[in-house]
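Subject: Handover of a structure for your review

Dear colleague,

Please find below the structure that I am handing over to you. I would be grateful if you would look through it alongside the notes that follow.

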Amino acid sequence: MANITDIEEDTKSAEQQLQFLKKSIEELRKGVTDRTPISESSEEVQKLLTDNVKLKHRLKILQQAINKYPTSSISVNTECTQMESIQELLSSIFSMAIKTAFPDLPEAPVVISLSGNNIKFGDYQCNSAMPISNMLKQSGRKVSPRDVADKIVQNLSPQELIEKLEVAGPGFINIFINRKYGHARLSTIFSHGVKPPKLEKSMRVIVDFSSPNIAKEMHVGHLRSTIIGESIARLLEYLGYSVLRLNHVGDWGTQFGMLIAHLKDKYPDYLIKSPPIGDLQSFYKEAKIRFDEDPEFKKRAYASVVQLQSLEKDHVKAWEMICDVSRKEFQKIYDRLGITLEERGESFYQKLMEELVKELESGGYLIEDEGRKILWGDEPGNGSIPMTIVKSDGGFTYDTSDLAAIKHRIQQEKADWVIYVADAGQATHFQILFKCAQKLGIIDPKKHRLDHVAFGVVLGEDKKKFKTRSGDTVRLIDLLDEGLRRAKDKLNEKDRHSVLTEEELEKAQTSVAYGCIKYADLSHNFNHEYIFSFDKMLEDKGNTAVYLLYAYTRIKSIARNANFTAEDIEKMSKQHSISLEHEKEWKLGKVLLRFPDILLKITKDLYLHCLCEYLYEIATIFTEFYDSCYCIEKDSSGDIVKINYGRILLTEATALVMEKCFHILGLNPVEKM
């Protein structure tokens, strides 16, 4: 494509020449030089007239070129410091062209998509021609999709991003990305790192996830919320959002009266001697049996709840002991999985709940219903469900706690976006919560974004709810230990213990064990249930953590086998260019360029399996590249005879993009496996 500045300069030059010719012809006709009449048939005049016609024609073509490329074109930053969202850039470019071509269609759609695997259809497609043709037809203008596509192309401004455009079939516009553009963007990986795409605006985001109950062990049911929430938080932090990760633990309620009463009976000296209640699961079961079977104990348990809620010091001390034991057990799991959270349990919102109820009562929002006080988000009837704010016994509920929490998060924490990561069974609860928060003026849909990331249950290989052989819920700590054991067996099966040091083997074992558990969860659509199977997780073929972690170690070994250190790679990037000439090199490069698009897509729907699919695509296309393009050539004795530095840089760029994907997903790759 021609450069707009060159066209404008050429036009200016042609206009000057035309003016000069006009003046010369006029002077000759009037005989200005010697006051002598000159015939129209004079050779000099005829030559000038012919040149005049040619220049007029040339000027017309140049003016058409200027009209074709309006000066308000989308500029691509030539001094780039990061990769950009190609789909967003193309949307802006084609949006401007469509507005210019069809100014009377203010809502004309801009449809940009990937072209697929056939390179003859380009890298991307603009598929706006058909819907625009239909819109024109509805307004009484019959224009074929093909003609619409031609007109869009005619009104496109020249771009560094686009190498060429082709109109195909009934009106598909095939877009071919410019290699020079790709080279410039991929080179920023070495000069500035794998930076995220720029945000339109920063937001304060709260991610509510994990949320186990105090005095109960974390089980497989907590796994999905913990893993998904951590990855969403990592993604948003990487993109530049201000993120607060909250753990809304169940640390308040009637069950604590039962636990405190049992603690006082079993360990009467608990105030002066720390009780051995490390096994809280057993302790909880003992208390629950007594609560269900002993009416006198049940009565004392309820009395203890009242004492705790009135903040009686001995009961508060007992409550703190129980909570501290639980926190330590939770933290062991969080440390093993690399989870970071700030605890903000139900107890935090106690005073806020009291204040909220007073506000709702004074505002006339609460309605008496069989002794309880309820709040409607919708008009009663038609299947709508209210929130129970105050129970008939005067106690608060999960509804009260969540409403107080969202009020605090929006008004005190100044959150613009709140994300709840909880199982799909709570979908109705969150729908009602969001409606009530809007009704009360806590949230404004124009200013705030609320999301419930719903996920299905974890199933066993029998396709029933995942449980132990005895029918108990699977403890999360046991699941992680089993993962470590199986990962070690897998590595030994591959004879890794004979080539890795003890430290390297332990790192690989941990990477594989926790990585396969996380990846198996994140690689599925959250809405669906998924079958937990260590055998499938640990397969080294297909879209699994093991395959991807191994692919990464193989990529990192290429430079290492040529004896290049990280410092050598840095120097190499300043002396050599990434190689994108070969078809397989360019194919890999184009996949890496899509990294910003993948991340921005996830911010819209929060589905992380798209990142898993992208990571797998990188690995498989890298294999195509590696099979076709030698990075290092050796002779028959194994000595290196040739190094393709541009390809070494492409392998390192691939590894760096994969590292960012792994980080977001919470996986820890190792360089040797």
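Which residue in β11 is the bridge partner of V205? The bridge partner is W417. Before I place this pair in its setting, please note that the model is a predicted one.

Overall composition

The protein has 673 residues, of which 48% count as buried. Its secondary structure comprises 23 helices and 16 strands. Where contacts link residues at least 6 apart in sequence, 74% of them join residues at least 24 apart.

The parallel sheet

The pair V205 and W417 belongs to strands β5 and β11, and these strands are part of an open sheet of five strands. The order in this sheet is β7-β6-β5-β11-β12, and the pairing is parallel. At its edges stand β7 (342–343) and β12 (449–455), each of which pairs on one side only.

Strand β5 (residues 204–208) is mostly covered, with four of its five residues buried. On one hand, β5 pairs with β11 (residues 417–423) in the parallel sense over four bridges. On the other, β5 pairs with β6 (residues 242–247), again in the parallel sense, over five bridges. Within this second pairing, V207 has R245 of β6 as its bridge partner. The chain passes from β5 to β6 by way of helix α7 (residues 220–239), and this β-α-β crossover is right-handed.

Strand β6 is in turn joined to β7 by two bridges, and these two strands run parallel. Here the bridge partner of N247 is E343 in β7. Helix α13 (residues 398–411) packs on the sheet and touches β5, β6, β11 and β12. The direction of α13 makes about 150° with that of β11.

The antiparallel sheet

A further open sheet is formed by four strands in the order β1-β2-β4-β3, with antiparallel pairing. Strands β1 (112–114) and β3 (162–168) each have a single partner strand, so one side of each is left without a neighbour in the sheet. From one strand to the next, the twist averages 30°. Strands β2 (residues 124–126) and β4 (residues 172–177) run antiparallel and are joined by three bridges. In this pairing, Q125 stands opposite N174 of β4.

A helix pair

How are helices α3 and α21 placed relative to each other? Helix α3 (residues 86–101) packs against helix α21 (residues 595–605) at an angle of about 85°, and their axes are 8 Å apart. The two helices are therefore roughly perpendicular to each other. On the α3 side the contact is made by I86, Q87 and E88, and on the α21 side by D597, L600 and K604. Sorted by class, the residues of this contact are two nonpolar, one polar and three charged.

Lastly, I draw your attention to N561, which lies in helix α18 (residues 545–561). Is N561 buried, exposed or partly exposed? N561 is partly exposed, because its relative accessible area is 46%, a value that falls between the 20% limit for buried and the 50% limit for exposed. N561 and I632 are 71 residues apart in sequence, and their C-alpha atoms are 8.9 Å apart in space.

Yours sincerely,
A colleague

Terms used. Residues are numbered from 1 along each chain as its sequence is written. This is a predicted model: local features need pLDDT of at least 70, side-chain atom pairs count only at pLDDT 80 or more; totals for chains, interfaces and linings use all residues. Side-chain values use heavy atoms; hydrogens and water are left out. Buried means under 20% relative accessible area, exposed over 50%, partly exposed in between (1.4 Å probe, protein chains only). Axes are lines fitted to C-alpha atoms, for helices over the stretch in contact, and angles run from 0 to 180 degrees between N-to-C directions. Angles under 35 degrees count as roughly parallel, over 145 as roughly antiparallel, 65 to 115 as roughly perpendicular and the rest as oblique. Contact means heavy atoms within 4.5 Å. Ala, Val, Leu, Ile, Met, Phe, Trp, Tyr, Cys and Pro count as nonpolar, Asp, Glu, Lys and Arg as charged, and the others, Gly among them, as polar. Two strands pair if DSSP finds at least two bridges between them. A crossover is right-handed if, with the strands pointing away from the viewer, the path from the first strand over the helix to the second runs clockwise.
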